[in-house]
Amino acid sequence: MRPRKLPAFRMRRVVVKTYVARARPGGGGGALKAHLGYLQRDGVQRDGTGGELYTRAGLAPDAGGFLERCDGDRHQFRIIVSAEDGARLGDLRETTRALMTQMESDLGTRLDWLAVDHHNTGHPHTHIVIRGKDDRGKDLVIAPDYIRRGMASRAQEIVTERLGPRRDLEIAQARQSEVTQERFTGIDRGILAEASEGEIRIGDRRGAGEQFEAALRRARLRYLEGIGLALPTGKDAWTLKPGWDAALKSLGQRGDILKVLAAKRRDRGADQTLRWFEPYAEEKAVLIGSVVATVPDDELRDRRSLVVEDFEGGRWVVDMGVREPGAVPPEGAIVEVRKQPPKLREMDASILKIAERSGGVYSDALHAAADPAATPVWRQGHVRRLEALRRARIVERSSDGVWRVPQDYAVRAVEYDAARTGRIEVEVRSWLALSDQTHHAGLTWLDTEGAEMAGEKLARARQTRLAYLQQKEWLESGAEEVGEALRAKLRAMELQRAFAVISASTRRAAIQMETGDQFDGRFEKVMDLGQGRFAVLGNSKEFALVPWRPEMERHRGREMAFSRTAAGVSWTIRIERGLDR
């Protein structure tokens with residue numbers, strides 16, 4: 001039984017965020033698998049353990065089966081449900097199940113879903129992934145209004161039913177708590193709406209409610225004055241510092257990151273100062289260090305930041321943007337971060353070239369006429385790219401499938417990619433942590449690039465590494481560097497050991513692919529070695545190791561034909577060709 005209709009301010013506040021994740025044709029389940037992996041990452045339960053997936057009552061969650069059912073779906077729904085009073089709800093599972101049952105009633109279909117609760121921030125919340133098919137196997141369609149307002153309204157009703165309506169004292173305490181928060185708050189939204197050209201005056205108000213709100217804003221502005229974001233200019237009047245709202249949002253992000261570090265116990269004895277790596281700043285053009293933690297910026301879209309500790313002990317926040325599944329470096333990895341120069345995609349250059357020839361328009365027919373060698377799959381990739389840019393309001397599409405391409409298309413396409421994937425290039429120099437490299441029986445970053453870098457921390461690690469190699473009698477006593485001969489030996493020794501481990505555990509024959517060789521099988525998993533990350537390819541009888549590339553993650557688990565080239569590895573999907581022409 002739902003509570004009687006209450007005024008909005010009496011309802012328990014619940015924030016519901018939704019993202020419709022669209023699948024790439026032929027892209028496999030890599031993105032969904034990676035997303036589920038993020039949701040189960042370490043430090044999300046109250047006791048610091050990893051997240052536990054769950055689904056409707058009476059059913060055991062089966063991530064593997066869910067992934068199989070989702071394979072080939074056009075989209076999925078990713079939802080975050082965060083109740084203001086989530087901590088008082090106790091076990092969030094029953095609330096989540098009640099919401100999903102209500103959604104099934106509203107939508108008129110049984111839903112296929114998985115969920116996981118997160119307790120790694122100050123606000124417990126739940127992540128839900130819903131398969132993009134209804135119970136008849138058709139594409140699941142949810143009305144935009146239900147996504148924007150309906151789900152949140154249902155969640156508020158359920159939480160209000162469990163905890164009761166908000167009392168006056170609770171409402172006042174929640175608003176009062178915002179006065180001294182180092183983040184952008186609801187009070188700040190009111191200040192931002194009322195301010196004119198950075199100036200704000202809090203005048204006399206009538207009515208108890210308005211007087212209380214005015215008192216909150218005065219107290220908040222005095223707090224902002226204390227942290228240097230507002231300047232008093234008279235009685236109940238202030239000038240706000242330019243960018244004050246962005247500064248508060250950055251402070252909130254900093255607080256969230258420190259909470260994540262505390263949950264992961266990565267903050268003990270460490271400097272609490274966090275600096276943001278700005279790609280165009282003069283302070284630090286290139287950053288090299290160890291990944292301390294991965295923190296979510298947008299958990300729905302898998303947009304993430306890294307906390308990187310350089311070898312002098314400084315900690316930097318690096319905005320990675322949206323990356324390929326599996327391309328986010330693990331904690332402990334050695335990374336190099338630098339500015340990413342703007343670059344126009346090959347596909348965008350192709351679209352622009354055809355549009356310039358055709359009076360500013362593009363279509364599949366125009367493409368086929370201009371480039372008869374282009375395959376249908378390659379041309380379809382152009383259409384998908386244009387569809388993404390249409391949603392970003394960069395191009396327009398007419399009903400006959402003709403796209404109008406603006407003159408500034410190249411600039412706007414590059415800016416669109418930069419906004420999504422970041423303006424920073426992150427290259428993993430070593431997938432092994434520095435502490436693991438010192439006693440690793442194989443070639444490591446410390447033996448190559450790390451041997452040339454300065455820093456007390458690195459110097460100690462190198463000395464430990466040299467002592468280990470000498471103890472193993474692979475390096476002469478007193479030697480201060482790893483020569484080319486030993487590097488080759490360590491590289492070969494590590495690969496042989498990796499082949500032996502996989503062969504013994506799977507009872508399959510190892511194939512060492514040379515340039516020009518081909519191999520039919522699946523991309524099964526990755527293996528992180530001291531010399532780099534490798535992809536394990538396999539079929540029922542044989543397996544091979546090849547250098548890994550982020551793009552491979554889109555096709556993990558698919559039947560593919562691999563070719564070893566001088567530049568690395570290329571592949572073709574068995575069912576349909578990839579985007580390569």
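1. Let's start with a cut-off: a residue is called buried when its relative accessible area is under 20%. Asp236 has a relative accessibility of 14%, so Asp236 counts as buried. Keep in mind as you read on that this is a predicted model.

2. Now for the backbone at that residue. Most residues other than glycine have a negative phi. Asp236 is not a glycine, yet its phi is positive, at about 55 degrees. Where does Asp236 sit? Look in the loop between strand S6 (230–234) and strand S7 (237–240).

3. Arg507 is worth a look next. Arg507 also isn't a glycine, and it has a positive phi of about 55 degrees. You'll find Arg507 in the loop between helix H16 (484–506) and strand S17 (509–511). Is Arg507 buried or exposed? Its relative accessibility is 79%, and the cut-off for exposed is over 50%, so Arg507 counts as exposed.

4. On to helix packing. Helix H6 (residues 168–177) packs with helix H8 (residues 208–226) at an angle of about 25 degrees, and their axes are 10 Å apart. Angles under 35 degrees count as roughly parallel, so H6 is roughly parallel to H8. The crossing of H6 past H8 is right-handed. On the H6 side, the contact is made by Ala172, Arg175 and Gln176, while H8 brings Phe212, Glu213 and Leu216. Sort the residues of this contact by class and you get three nonpolar, two charged and one polar.

5. H8 has another partner to check. Helix H7 (residues 186–194) packs with H8 at an angle of about 90 degrees, with the axes 10 Å apart. An angle from 65 to 115 degrees counts as roughly perpendicular, so that is the label for H7 against H8. Which residues make this contact? From H7 they are Ile187, Asp188, Gly190, Ile191 and Glu194, and from H8 they are Leu216, Arg217, Arg220, Leu221 and Leu224. The class count for H7 with H8 is five nonpolar, four charged and one polar.

6. Next, the nonpolar cores. How many residues are in the largest nonpolar core? There are 31, and the members that touch the most others are Leu306, Val318, Val337, Val426, Leu537, Met552 and Phe562. Take Leu306: leaving out residues up to four places away in sequence, Leu306 touches Val291, Ala293, Thr294, Trp316, Val317, Val318, Met320, Val328, Pro329 and Val426. There is also a second, separate core of 27 residues, with Val14, Leu89, Leu99 and Ile128 among them.

7. Thr444 lies in the loop between helix H14 (434–437) and helix H15 (456–471). With a relative accessibility of 2%, Thr444 counts as buried. Thr444 and Gly532 are 88 residues apart along the chain, but their C-alpha atoms are separated by 8.4 Å. Leaving out residues up to four places away in sequence, Thr444 touches Gln437, Arg465 and Gly530.

8. Last one: Arg131, which belongs to strand S4 (residues 125–131). Is this arginine buried or exposed? Arg131 is buried, as its relative accessible area is 18%. Again skipping residues up to four places away in sequence, Arg131 touches Phe66, Arg69, Cys70, Asp73, Asp112 and Leu140.

Conventions:
Residues are numbered from 1 along each chain as its sequence is written. This is a predicted model: local features need pLDDT of at least 70, side-chain atom pairs count only at pLDDT 80 or more; totals for chains, interfaces and linings use all residues. Side-chain values use heavy atoms; hydrogens and water are left out. Axes are lines fitted to C-alpha atoms, for helices over the stretch in contact, and angles run from 0 to 180 degrees between N-to-C directions. Helices (H or I, at least four residues) and strands (E, at least two) are DSSP runs, numbered from the N terminus. Angles under 35 degrees count as roughly parallel, over 145 as roughly antiparallel, 65 to 115 as roughly perpendicular and the rest as oblique. A crossing is left-handed if the near helix is turned anticlockwise from the far one by less than a right angle, and right-handed if clockwise. Contact means heavy atoms within 4.5 Å. Ala, Val, Leu, Ile, Met, Phe, Trp, Tyr, Cys and Pro count as nonpolar, Asp, Glu, Lys and Arg as charged, and the others, Gly among them, as polar. Buried means under 20% relative accessible area, exposed over 50%, partly exposed in between (1.4 Å probe, protein chains only). A nonpolar core is a set of buried Ala, Val, Leu, Ile, Met, Phe, Trp, Tyr and Cys residues joined through side-chain atoms within 4.5 Å.
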